[in-house]
Amino acid sequence: MSTPVLEARDVSMVFGGLKALKNVSLQLEEGKILGLIGPNGAGKTTFFNCLTGLYTPTTGSVLLKGTTLPGDPAKVTTAGVARTFQNIRLFPSMTVLENVLVGRHVRMKQGPLASLFHGPAYRKGENAAKERSRELLEFVGLSGLEDELARNLPYGDQRRLEIARALATDPAVLLLDEPTAGMNPQETEAARQLIFAIRETGVSVVVIEHDIKFIFGLCDQVSVLVQGELLVEGTPDVVRGDPRVVEAYLGKPPDEVEAEVASVVEEQQHRGAQEGQA
Amino acid sequence: MSILLQQLANGVVQGGLIALIALGYTMVYGIIQLINFAHGEIFMVGAYGSLATYTWLLPQGIKDSWVLSLPLMLLGGVVVAVVIALIMERFAYRPLRNAPRLAPLITALGISVALQEAVRTFYPDATSALRFPRVFAEGNLALGPISVPWSGVLIIVVSIVLSVLLQVYINRSRMGRAMRATAQDPDTAKLMGVNPDRVIVLTFVLGAALAGVAGLLYGSYITNVNIDMGFQTGIFAFTAAVLGGVGSIRGAVIGAFIIGLVKTIGGQYMPGGTQYDYVWIFVVLILVLVFRPQGLFGEPERVRA
């Protein structure tokens, strides 16, 4: 088997006394879409934070194309892992185009002095970055809005802009944290088409989502995380049929009540852990 | 009438000088939410740096021609200001990056006193005001009833040119965008590959370089320097930054010109004369803070999630 583009090896994350992740191992093959599902508080976002270097895993490591990723978000981005956020985090007072250009930052060379003297090489680099950013805006369907301030965009467009900004870093892997949260069915379908289009460009994708139907209609592989442990992984059909998943996550109606309970329990444990620390 | 025009001209000169310093306050605040009270002292050491360059480094032949000595003194002053600012950032502020806001603020006051005392102790004869050499064209620019020394004209031109350049740099360049991104959301900027340390260092360097330029211009306009100059002018610059909306480049410059004009006009026409010019400046500041706490061009403080 070829080297997976992104691999997590036995990643554990402990906050005080709470084990948020327990030996999670995952492999993402190049050009695939991997879905990560699980109840609230299962550790999905924590796992993303470990992948992007925001958290340093207590044990275990993350590898991009076989090379261990550094524990520094800026370096992880440079290496080729980009992400979006569950709660949108654009630069609100910058224009749409500028937001994408900030994503382009790591692929530009101009240092602080070069920009002072505006030489031809500098202009060339700046123009190339702008051109690429405009392409990406067109790709996500935001062309014509480039001079709008990010905070004035409607919600769905802000999500698209976050994706364009992440793509501007030329990632090998794109991590999407609940890309369809708060979207209506049409917007959700548009998001699904966009993620397919991203895969077409050769970028591998990991998606966290609550919307199970969305995940099963989108992903090549699905992993189920429950209370920090990887419960099941496989193709959507395998995962859908697995009795443990049905039991732990899907089956028992009303599943949301259960998810709620799980998250409350985890929160209490977390609080307990913090108090223990203090 | 001619007195009014003359005082307006003087106010614009003062405003230009204050603007160059206010930019440093406002940029550092924008990036790390620190009011760097030691910034006035960076301006002061910049002036002493230029003076030292003149006194000890320049040969007599160069001293005689301001065309040669001015750029060299400028270089000396800017280098000294930038080096001191870099040391200050690295050893005083960086270790306190995640400390409560009050800690770096108190540290800034401490550095301010330390720098004044260091210059007083180690710079020869700095216990009293030192004469600053004439380093620009002699005489005055006469425009009808107004007469402005050429060194004052230089202040106006340089401050406006540098403010515009700074604004363009921050809006158009790669590192400028990184600065704004860091100011708006440091964590996300980091995730976009922006190195926060580099941005913060660049911010201090730009602020200090402008303060260094201001130090030389102050010396050549006032014709003497003393160790209190940073504190006095720093207060005006800080007030200008708050008036314009701290964090805003345009606000700092416009605030500075307002302060400069209030100072000269108030000193001329209000009871008490120049002794009371501070009073009018702070009256303006208080009015702004009461009616528009975010300053003229500032954004209302956002609560971050």
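In this predicted model, the largest nonpolar core comprises 167 residues, among which V207(A), A22(B), A81(B) and V213(B) touch the most other members. The greatest contribution to this core comes from helix α1 of chain B, spanning residues 2–32, which gives 16 residues. Because domain 1 (6–80 + 171–277) and domain 2 (94–170) of chain A both give residues to the core, it lies between them.

Within chain A, which is divided into domain 1 (6–80 + 171–277) and domain 2 (94–170), the contact between the two domains takes 9 residues from domain 1 and 10 residues from domain 2. On the side of domain 1 of chain A that touches domain 2 of chain A, at least two residues each are supplied by α2 (73–79) and α7 (185–200) of chain A, and by class this side has 5 nonpolar, 3 polar and 1 charged residues.

Between the chains, 21 residues of chain B are in contact with 24 residues of chain A. The elements of chain B that give two or more residues to the side touching chain A are α7 (174–184) and α8 (186–191), and the largest share of that side, 8 residues, comes from α7(B). Sorted by class, the side of chain B that touches chain A has 10 nonpolar, 6 polar and 5 charged residues.

Terms used. Residues are numbered from 1 along each chain as its sequence is written. Chains are lettered from A and ligands numbered from 1 in the order in which they are written. This is a predicted model: local features need pLDDT of at least 70, side-chain atom pairs count only at pLDDT 80 or more; totals for chains, interfaces and linings use all residues. Two residues are in contact if their C-beta atoms, placed from the backbone, lie within 7 Å. Helices (H or I, at least four residues) and strands (E, at least two) are DSSP runs, numbered from the N terminus. Ala, Val, Leu, Ile, Met, Phe, Trp, Tyr, Cys and Pro count as nonpolar, Asp, Glu, Lys and Arg as charged, and the others, Gly among them, as polar. A nonpolar core is a set of buried Ala, Val, Leu, Ile, Met, Phe, Trp, Tyr and Cys residues joined through C-beta atoms within 7 Å. A residue is buried if 20 or more other C-beta atoms lie within 10 Å of its own, exposed if 12 or fewer, and partly exposed in between; C-beta atoms are placed from the backbone. Domain bounds come from an automatic or database domain assignment.
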